[in-house]
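Visitor: I've got a model open and I'd like to learn how to read its strands and its surface. Can you walk me through it?

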Amino acid sequence: MRLKGKVAIVTGASAGMGRDIAYLYAKEGAKVLAVARRADRLEELAESAKDLEGEIIPFAADMMDKLQVENMIEGALTTFGTLDILVNNAGIMDDFSPVGKVNDEMWEDVIKVNLDAPFYAIRKAVNYFEEIGKGIIINVASIGGLCGARAGAAYTTSKHGLIGLTKNTAFMYSKKNIRCNAICPGGIETEISTGEFMRHINKDGIALATSGMGANPRTGKSSEIATVAIFLASDDSSYVNGQCLSVDGGFTAY
């Protein structure tokens, strides 16, 4: 039980990587506030974990709303009395448009979910972590935050920003027993491709962004990201801080 007695928040927990992270955290003994918009899916997740060592409590919230993001932190403190781990996993994809074709709505929505929400959550959580003298933050970024054109301009910018926020937070709070790391998944089997902006893909943009897909050894599973999230949340990674770990089967090694 690597997370026994720990309290965690996991956003985007209704499907894919977030769901698997929340479930594995509970399996490892954590009490998890599972956050997403789809309350029915969160209830199903909580039910599936009822026989595990830890527990999952659903918390419906929209990561596009600053107040709901901040209330999420308060929700964990109210429900469990403390907070040890914050996992910013919720994210949305753009339509692969280059900067000249990006419309305002898409830019604003992608930045809100992928960068603003983690910022607001980290800002709220880190002040509590300072009070108790410890804390762990895990941001789910992307190899799109390490490379220039694995997506469109909006998504790429949001994930580069999240990586910058990760590194800055890690160093600024490194002497306060607060660690912050990022996971950078490659191609993972999730529902992100079913998002609103993916319904009208920029054909020229996606052709350019996927031109190197032949170098991708294979598509990963969300559970393979969740096991890394377990490592980063546990004492096994006590000396790992400010790192952005590519979990992509070797794709970016090419």
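Visitor: Which residue in E5 does Val 87 stand opposite?
Guide: This is a predicted model, so read every pairing as part of a prediction. To read a pairing, pick a residue and look across to the neighbouring strand. Here, Val 87 faces Ile 138 in E5. E4 (residues 85-88) and E5 (residues 135-140) run parallel, joined by 4 bridges.

Visitor: And which strand do 3 bridges join to E4?
Guide: That's E1 (residues 7-11), again running parallel to E4. Ala 8 has Ile 85 as its bridge partner there.

Visitor: What about E2, how many bridges does E1 share with that strand?
Guide: E1 pairs with E2 (residues 31-36) over 5 bridges, in the parallel sense. Look at Thr 11, which stands opposite Val 35 in E2.

Visitor: Is E1 largely enclosed or open?
Guide: For that, check the residues one by one; buried means under 20% relative accessible area. In E1, 5 of the 5 residues are buried, so the strand is largely enclosed by the rest of the structure. Val 7, Ile 9 and Thr 11 cover one side, with Ala 8 and Val 10 on the other.

Methods
Residues numbered from 1 in each chain as written. Predicted model: local features only at pLDDT ≥ 70, side-chain atom pairs only at ≥ 80, totals over all residues. Heavy atoms only, no water. Buried < 20%, exposed > 50% of the residue type's maximum accessible area, 1.4 Å probe, protein only. Helix = DSSP H or I, 4+ residues; strand = E, 2+ residues; numbered from the N terminus. Pairing = 2+ DSSP bridges.
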